[in-house]
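Trainee: Could you take me through this chain step by step? I have the sequence and the 3D view open.

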Amino acid sequence: MQYSYRNPKRRRVIAEINVVPYIDVMLVLLIIFMVTAPLITQGVKVDLPQAAAEPLSEDSKPPLIASIDKQGRYYLNVGESVKTPLQASEMKALVSAQLALDKNAQFVVKGDGDVPYKSVIDLMVLLQEAGVPSLGLMTEPEDE
C-alpha cells in the first residue's frame with residue numbers, strides 16, 4: 001500500500017485582499033446617496049415669476065434669500081430658519097444680525113408668483129428697515 005504525502009483536498013493559502021465586501025458597501029452607499037439627494041432641497045418651494053433678467057455673476061458671494069410663500073410667511077436662508085416661518089420682528093432681527101456680521105451681504109427677495117404685490121413690498125420695507133441697502137428680486141428665466 002502506497003501513501004501519498006500530499007493531501008489533494010488541502011487548500012492553498014491566498015495572499016490577496018478580498019475587496020468584494022468593500023465594493024458591496026460602496027455600491028449600497030452610492031444607492032443611498034442617489035436616492036436621498038433629490039429629497040434634500042434647500043429653502044421653501046416658491047413659484048417664482050418669470051422674467052428676462054441678468055443673472056448674478058458666478059464669482060459673487062451667494063446672496064441671502066428672504067422668501068415669502070403663498071400664505072405670506074417669511075423665511076430667510078440662514079441657519080435653522082431655512083424652513084421655519086419667521087415673524088416680521090424675527091426676520092428684522094435676523095437680517096440685522098447678518099448685516100452686523102457682513103456689511104457687504106447681498107439680499108434678494110424670493111416671492112411666490114401668487115403672493116400679492118403688497119406682501120412683497122411689505123417684505124422689502126421690512127428688509128430696508130433692518131438696514132439692507134439694496135435688494136434684488138429673484139425670477140425664473142422665461143420659457144422660450
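Trainee: Is Val132 buried or exposed?
Mentor: Look at its relative accessible area, which is 5%. The cut-offs are these: buried is under 20% relative accessible area, exposed is over 50%, and partly exposed is in between, using a 1.4 Å probe and protein chains only. Val132 therefore counts as buried.

Trainee: What should I know about the model itself?
Mentor: This is a predicted model, in which local features need pLDDT of at least 70, side-chain atom pairs count only at pLDDT 80 or more, and totals for chains, interfaces and linings use all residues. Residues are numbered from 1 along each chain as its sequence is written, and side-chain values use heavy atoms, with hydrogens and water left out.

Trainee: In which loop does Val132 lie?
Mentor: First, the terms: helices (H or I, at least four residues) and strands (E, at least two) are DSSP runs, numbered from the N terminus. Val132 lies in the loop between helix 3 and strand 4.

Trainee: Which residues does Val132 touch, not counting those up to four places away in sequence?
Mentor: Contact means heavy atoms within 4.5 Å. With residues up to four places away not counted, Val132 touches Val95, Leu99, Phe107 and Leu127.

Trainee: In what order do the elements run?
Mentor: The chain has 3 helices and 4 strands. Start at the N terminus and read on: α-β-β-α-β-α-β.

Trainee: At what angle do the axes of helix 2 and helix 3 cross?
Mentor: Axes are lines fitted to C-alpha atoms, for helices over the stretch in contact, and angles run from 0 to 180 degrees between N-to-C directions. Helix 2 covers residues 88-101 and helix 3 covers residues 117-129. Their axes come within 9 Å and cross at roughly 45°.

Trainee: What is that orientation called?
Mentor: Under 35 degrees is roughly parallel, over 145 is roughly antiparallel, 65 to 115 is roughly perpendicular, and the rest is oblique. Helix 2 and helix 3 are therefore oblique.

Trainee: Which residues make the contact between helix 2 and helix 3?
Mentor: Take each side in turn. Helix 2 brings Ala88, Met91, Lys92 and Val95. Helix 3 brings Leu123, Leu126, Leu127 and Glu129.

Trainee: Which residues touch the most other members of the largest nonpolar core?
Mentor: A nonpolar core is a set of buried Ala, Val, Leu, Ile, Met, Phe, Trp, Tyr and Cys residues joined through side-chain atoms within 4.5 Å. The largest one has 20 residues. Those touching the most other members are Leu76, Met91, Val95, Phe107, Leu123 and Leu127.

Trainee: Which element gives the most to this core?
Mentor: Those giving two or more residues are strand 1 (64-68), strand 2 (74-76), helix 2, strand 3 (107-111) and helix 3. The one that gives the most, with 4 residues, is helix 3.

Trainee: How far apart in space are Pro63 and Phe107?
Mentor: Pro63 sits in the loop between helix 1 (20-36) and strand 1. At 18% relative accessibility, Pro63 counts as buried. Pro63 and Phe107 are 44 residues apart in sequence. C-alpha to C-alpha, their separation in space is 5.3 Å.

Trainee: Why does Ala100 count as exposed?
Mentor: Ala100 lies in helix 2. Ala100 counts as exposed because its relative accessibility is 64%.

Trainee: What separates the C-alpha atoms of Glu140 and Pro49?
Mentor: Glu140 is in the segment after strand 4 (135-137). Its relative accessibility is 36%, so Glu140 counts as partly exposed. Glu140 and Pro49 are 91 residues apart along the chain. Their C-alpha atoms are separated by 6.0 Å.
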